[in-house]
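Colleague: Could you take a close look at the aromatic rings in this one for me? I'd like to know how they pair up, and then whatever else you can say about the local surroundings.

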Amino acid sequence: IDHLRLTQRVEMQLGNYVTGYLLTDRDPEEPNWADYLTAHLQIRHKLGQITIGDIRPEIGQGLLHSRQTRSSASLSTIRPRLHNRIANRNSTEFGAIRGIHLSKQYGLVHLAALYGHAFWDAEIKSNDDVQIRRTEQHSSNTTIQRKNALTERLATLHISAGTPQNHLGATIQTAHFSPTKPQEIASRHISIDGRGQWHQTVLFGEIAFGPKTQAFVTGLNWQKKTFKFHLLTRKYSPYFSALHGAPIATYGTPPQNEQGIFFGFAYRPSPRTRIELSLDRHKHLIPERHPLPDQGHRFRLTYRYRMGKKTRLQLTHSTRNTRYAPTRTENRATLSWAHRAFRTTSWIARTQITQSQNGLATGLRLQIGQTYRLALWTTLYNVSNYAARIYDFEPDVWGSGTLQTRTGKGRSSGLLIAWSTAPFRIATRYSFRKTDGSPTSSWAIQFELRH
């Protein structure tokens, strides 16, 4: 039992006015079974929509709240939401606010109020300096001691006027920390956000101010028939540290905050063909371990082609470059074929750092059936070191996929068996990996009941 990771999730709907979620998650070898409990209850009332428990408020573009993914490689705008799917572990352990949230609409005026607190993994030193840490699992004495070492209490008021397509808003937020106040972390922030849409053009942005700290994010989306265009700029002052904002969630911990510009373009020359291009240039604001600030770019070019109704081909070329590291290049080809209840995906990827640092991996995934589902996969890889790593996805019992990092020389295989009906679903998964002569295995089981 000590080596098991146990997760349970409950989602419930009571009539038309109450929705509830509950999740418990226990890491291997942790002393407490109810290691982390997260839940919230959402009530629709004449006073407005009231959410009690672990929440993520939708405020502005997410500078002061919302740790939603804002990946520069994606071609989507910033869209913070009230809460993630409750089963996402990183979404609950890192960044959720436990408290009460009230949202109310008065004609064209929207009002939101929040009071709550959040716990953070942190290392508190003797000089009261605090370093926020992110731990995927709490299985050692050190990680258990850091867990929830810092408490942040928040009070937030947000008001905006206009429609969802065109509006202007303002946010006031104060924060108090215990047992000590982290150095260089502001205790209050004010932000102004807005969004405007004219035909197929959307402008959006937010700017936040605090004591000796500023941050802004702004962007433009344009779409017309076969074209999509995205432009995003961002900048965070070295110690902008709203703990629920983008600097820690996406762009690193102060003083590694970034400034940069992101460009994305999508073009569909024919109904079967789609071309996507994205370029993200970034720069750290303060040097760390080097005489000059680190800077670089991330580039991705994707070509998708639908070969009939059943077969799809995707070719991807990506590069990543920084000032103090060699350029990492990856080329990947994926071929997928689907017919009724049968799906197959084959892929091959090649990474290149230098002549001696490179990687090659190829994989095959099969899925048969829907009510009775069988999934098989295998991956062969030969990667010289971690710098040339190759990413892969394996099916998961939750119904999605798990990101895997391939490095070394070896093979990874597995199978998943699932049975889904209207009232319940049960799935079990077994995987086996042998890297550089060292075999490891893991298994998981999931049961879902719907009523």
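**Aromatic pairs and a buried histidine**

Modeller: Counting ring pairs by centres within 6.5 Å, you get seven aromatic pairs. Take Trp419 and Phe424: their ring centres sit 5.2 Å apart with the planes at 85 degrees, so this pair is edge-to-face, the cut-off for that label being over 60 degrees. Keep in mind that this is a predicted model. A pair of aromatic rings is described by the distance of the centres and the angle of the planes.

As for solvent, Trp419 is partly exposed, at 34% relative accessible area, and Phe424 is partly exposed too, at 21%. Both rings belong to one aromatic cluster, which also takes in Tyr372 and Phe447.

With a relative accessibility of 19%, His297 counts as buried, because the cut-off is under 20%. What does His297 touch, leaving out residues up to four places away in sequence? One group of contacts is Leu279, Asp280, Arg281 and His282, and the others are Thr319, Arg320 and Asn321. Of these, Arg281 is 16 residues from His297 in sequence, yet the two C-alpha atoms are 4.3 Å apart in space.

How values were computed: Residues are numbered from 1 along each chain as its sequence is written. This is a predicted model: local features need pLDDT of at least 70, side-chain atom pairs count only at pLDDT 80 or more; totals for chains, interfaces and linings use all residues. Side-chain values use heavy atoms; hydrogens and water are left out. Buried means under 20% relative accessible area, exposed over 50%, partly exposed in between (1.4 Å probe, protein chains only). Contact means heavy atoms within 4.5 Å. Rings of Phe, Tyr and Trp (its six-membered ring) pair if their centres lie within 6.5 Å; planes under 30 degrees apart count as stacked, over 60 as edge-to-face and the rest as tilted.
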